[in-house]
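Please look over the sequence and the model together before reading on.

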Amino acid sequence: MSTVLAGHGLVKKYGSTTALAGVNVEVRERDSLAIMGPSGSGKSTLLHTLAGIIRPDDGQVLLRGERSEMGVPPAEGWGRIDNLGENRLSALRRKRFGFVFQFGQLLPELPAEENVALPLMLEGLPRGEAVARARHWFAPLGLEGLEQRRPGQLSGGQAQRVAIARALVAAPDVVFADEPTGALDQRTSTEVVQLLTFATRETGAALVMVTHDADVAAHCDRVLQVRDGRISGHSQSTLA
Ligand SMILES: Nc1ncnc2c1ncn2[C@@H]1O[C@H](COP(=O)(O)OP(=O)(O)OP(=O)(O)O)[C@@H](O)[C@H]1O
């Protein structure tokens, strides 16, 4: 499996707090990577830095298939994304990345199918076409019949499955999930993480997921342990 996204020497400081102290990480195609560690160890900072949401103070985030904004790319076919301008970065996040958060962050006034269609509409697809493509995701994710429901009319697990569909609809290269099961009970967590890992693998996307839950992490191919802003351990997972 070839690498699609890499962080090299990532450093991020908040005042006197070092959230990332020089982290190296590689994300491979179709790979699922869980990031675990104690509270405050830097997990979310790492995920957000890889996703181009937080800019590191030092180090680089490289994405395959991107051109660097200035100068020579670091290697053929790779581009640095940590130093891109805000407009280019947000366009890149929309095109190449998908996101699932702890609380689905669905738009409450839109039906589920339009929530899923939103990334396609933001890319300029006409509403009808975007919704038609979005509907394809409902059956595989066990959401058939719920297309017209508003997020307030969905259970927590259903809302997360809609969020998974929204993250995947635009065929991203990498899906980032920050505590995607954090608000769910154990049984629903298992269902959601199984669907998340299965659906990302099916589409060929890589998955980077922060979780506190070792049972959830075990569904990923690899588990990274983060402690005090550093990688303290790396293991292949048991269930995946
Ligand atoms: N915007 C910020 N301003 C100041 N300090 C921050 C900020 N974001 C994170 N930090 C600090 O950086 C460190 C790492 O935070 P981060 O959120 O990455 O940890 P985490 O491992 O995801 O924690 P948790 O499991 O509690 O969500 C913590 O000490 C945190 O307080």
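Predicted model: local features only at pLDDT ≥ 70, side-chain atom pairs only at ≥ 80, totals over all residues.

Residues are numbered from 1 along each chain as its sequence is written. Helices (H or I, at least four residues) and strands (E, at least two) are DSSP runs, numbered from the N terminus.

Helix 5, residues 156-168, packs against helix 6, residues 186-203, at an angle of about 15 degrees, and their axes are 10 Å apart. Axes here are lines fitted to C-alpha atoms, for helices over the stretch in contact, and angles run from 0 to 180 degrees between N-to-C directions. Helix 5 and helix 6 are therefore roughly parallel to each other, given that angles under 35 degrees count as roughly parallel, over 145 as roughly antiparallel, 65 to 115 as roughly perpendicular and the rest as oblique. On the side of helix 5 the contact is made by Gly156, Gly157, Gln160, Arg161, Ile164 and Leu168, and on the side of helix 6 by Thr188, Glu191, Val192, Leu195, Leu196, Ala199, Thr200 and Thr203; two residues are in contact if their C-beta atoms, placed from the backbone, lie within 7 Å. Sorted by class, the contact of helix 5 with helix 6 has six nonpolar, six polar and two charged residues, where Ala, Val, Leu, Ile, Met, Phe, Trp, Tyr, Cys and Pro count as nonpolar, Asp, Glu, Lys and Arg as charged, and the others, Gly among them, as polar.

Helix 5 also packs with helix 3, for their axes come within 7 Å and cross at roughly 30 degrees. Helix 3 and helix 5 are therefore roughly parallel to each other, and their crossing is right-handed. In this contact Ala112, Asn115, Val116, Leu118 and Pro119 of helix 3 meet Val162, Ala165 and Arg166 of helix 5, a set that divides into six nonpolar residues, one polar and one charged.

Helix 3, residues 112-122, has a further partner in helix 4, residues 127-135, with an angle of about 120 degrees between them and axes 8 Å apart. This pair is therefore oblique, and the crossing of helix 3 and helix 4 is right-handed. Glu113, Glu114, Val116, Ala117, Leu120 and Met121 in helix 3 meet Arg127, Ala130, Val131, Arg133, Ala134 and Arg135 in helix 4, and by class this contact has seven nonpolar, no polar and five charged residues.

Val208, not counting residues up to four places away in sequence, touches Val27, Leu33, Ile35, Leu47, Leu50, Val174 and Phe176.

Lys12 lies in strand 1, residues 3-14, and counts as buried because it has 22 C-beta neighbours inside 10 Å; a residue is buried if 20 or more other C-beta atoms lie within 10 Å of its own, exposed if 12 or fewer, and partly exposed in between, with C-beta atoms placed from the backbone. Lys12 and Thr49 are 37 residues apart in sequence, yet 8.7 Å apart in space, C-alpha to C-alpha.

Most residues other than glycine have a negative phi. Glu179, in the loop between strand 7 (174-178) and helix 6, has a positive phi near 50 degrees, and it is buried, with 20 other C-beta atoms within 10 Å. Leaving aside neighbours within four places in sequence, Glu179 is in contact with Gln102, Val210, Thr211 and His212. Arg30, in the loop between strand 2 (17-28) and strand 3 (32-36), has a positive phi near 60 degrees, and with 16 C-beta neighbours inside 10 Å Arg30 counts as partly exposed.

How values were computed
Left-handed = near helix turned anticlockwise from the far one by under 90°.
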